[in-house]
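Visitor: Could you walk me through a model and show me how to read its features?
Guide: Gladly; here it is.

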Amino acid sequence: MNPLLACTGLSMRFGGLIALDNLDLEAREGEILGLVGPNGSGKTTLFNVLTGIYRPSAGTITFAGENIIGGTPQEIHRRGIARTFQRSRLCLDLSVFDNIMIGNHTALRLDFFYNLLHRRAFSRDYEMWRDRAAEMLQALNPSLVCRMFRPVGDLSMIDRRRVEICRALVSRPRLLLLDEPSAGMTHDETRQLMDEITASRMSGGSLTVILIEHEMEVIRRSTSRCVVLNFGRKLCEGDYAHVVADPQVQEAYLGKELE
Ligand code: ADP
Ligand code: MG
């Protein structure tokens, strides 16, 4: 089976710094692929390159059989790649619903004359998006549904993370890139969140996920395969047991006990 995403020889240089170094990586349709590695190993840079924020210095990226290098972030989003950010990027004064809809801007018809002339279509669209947002919130935390029109600033950290995930999912992407969704949460909350994502993914069909995560327990529970980066290069690849047994991985996580 062809992978949904395939990168070959991918490199990203920032001046003299090589953030990604000749990386080959595949994500297979429907899998949750873990992406781990020490700080500065190029994980977020990979997401930035995949989403068109940076143009790679070398290499190829094929998504659903087509080259996506050179596409703008909007075009790549429209093709079906959505992401969350390592640092929370929510508008705290806006409602949960409005924050989610920001993730759908490429599908919305927002121009003034369209909305003036097609008010019925506009309200039909609005209801459809509202129902979709409610459905996603229901899957992650039902109590968020009745808080859908409250400001995001009123929510706890874990609920804010859930809103960010809903925002990435609202456009029904084929590939979801999660950049440390657990940042700022306790271990228990992280596990809970990943279990929720895994469960909602099960009911939602064949979403493919690449998950950047430091907590190896979360990687063990949630991913089917895992790629380890170090200095922008692939150190090791395989299932959890294979990866944690690798001496190079142990060394890269110097001092960190991996079980
Ligand atoms: P990770 O997410 O694995 O912690 P990053 O991808 O954020 O690592 O960073 C990889 C390396 O690339 C780091 O050394 C970082 O400082 C550098 N880097 C990332 N983005 C830029 C940029 N826009 N300009 C210069 N250097 C960058
Ligand atoms: Mg990062």
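The dialogue below goes through the metal site, the ligand shell, some backbone angles, side-chain contacts and the cysteines.

Visitor: What should I know before I start?

Guide: This is a predicted model, where local features need pLDDT of at least 70 and side-chain atom pairs count only at pLDDT 80 or more, while totals for chains, interfaces and linings use all residues. Residues are numbered from 1 along each chain as its sequence is written, chains are lettered from A and ligands numbered from 1 in the order in which they are written, and side-chain values use heavy atoms, with hydrogens and water left out.

Visitor: Which residues coordinate the magnesium ion?

Guide: For a metal, look for donors, meaning N, O and S atoms within 2.8 Å of the metal (3.2 Å for Na, K and Ca); water is not among the atoms, so sites may look incomplete. Here the magnesium ion, ligand 2, is coordinated by OG1 of Thr-44 and OE1 of Gln-86, at 2.0 to 2.3 Å. Thr-44 belongs to helix α1 (residues 43-50) and Gln-86 to the loop between β6 (81-83) and α3 (96-102), so the pair ties together parts 42 residues apart in sequence. Those element names come from DSSP runs, numbered from the N terminus: helices are H or I with at least four residues, strands E with at least two.

Visitor: Are those two residues buried, exposed or partly exposed?

Guide: Buried means under 20% relative accessible area, exposed over 50%, and partly exposed in between (1.4 Å probe, protein chains only). Thr-44 is partly exposed at 26%, and Gln-86 is partly exposed at 30%.

Visitor: Which atoms lie at what distance from the oxygen atoms of ligand 1?

Guide: A polar contact is a pair of N or O atoms within 3.5 Å; within protein, one must be able to donate a hydrogen and the other to accept it, and residues adjacent in sequence count only if both atoms are side-chain atoms. A polar backbone atom of Gly-42 is 3.0 Å from an oxygen atom of ligand 1. For Lys-43, a polar side-chain atom lies 2.8 Å from a ligand 1 oxygen. In Thr-45, an N or O atom of the side chain is 2.5 Å from an oxygen atom of ligand 1. Taken alone, ligand 1 exposes 560 Å², and the protein buries 65% of that; such areas come from the Shrake-Rupley method with a 1.4 Å probe, and for residues only the protein chains shown count as cover.

Visitor: Where is phi positive in a residue other than glycine?

Guide: Most residues other than glycine have a negative phi, and most peptide bonds are trans. Ala-64 has a positive phi near 50 degrees and sits in the loop between β4 (58-63) and β5 (66-67). Ala-64 is partly exposed, at 37%. Glu-180 has a positive phi near 45 degrees, in the loop between β7 (175-179) and α7 (187-203). Glu-180 is buried, at 10%.

Visitor: How many disulfides does the structure hold?

Guide: A disulfide is a pair of cysteine sulfur atoms within 2.5 Å. The structure holds zero. The sulfur of Cys-226 is 7.7 Å from the closest cysteine sulfur, in Cys-236, too far for a bond. Cys-226 is buried, at 1%.
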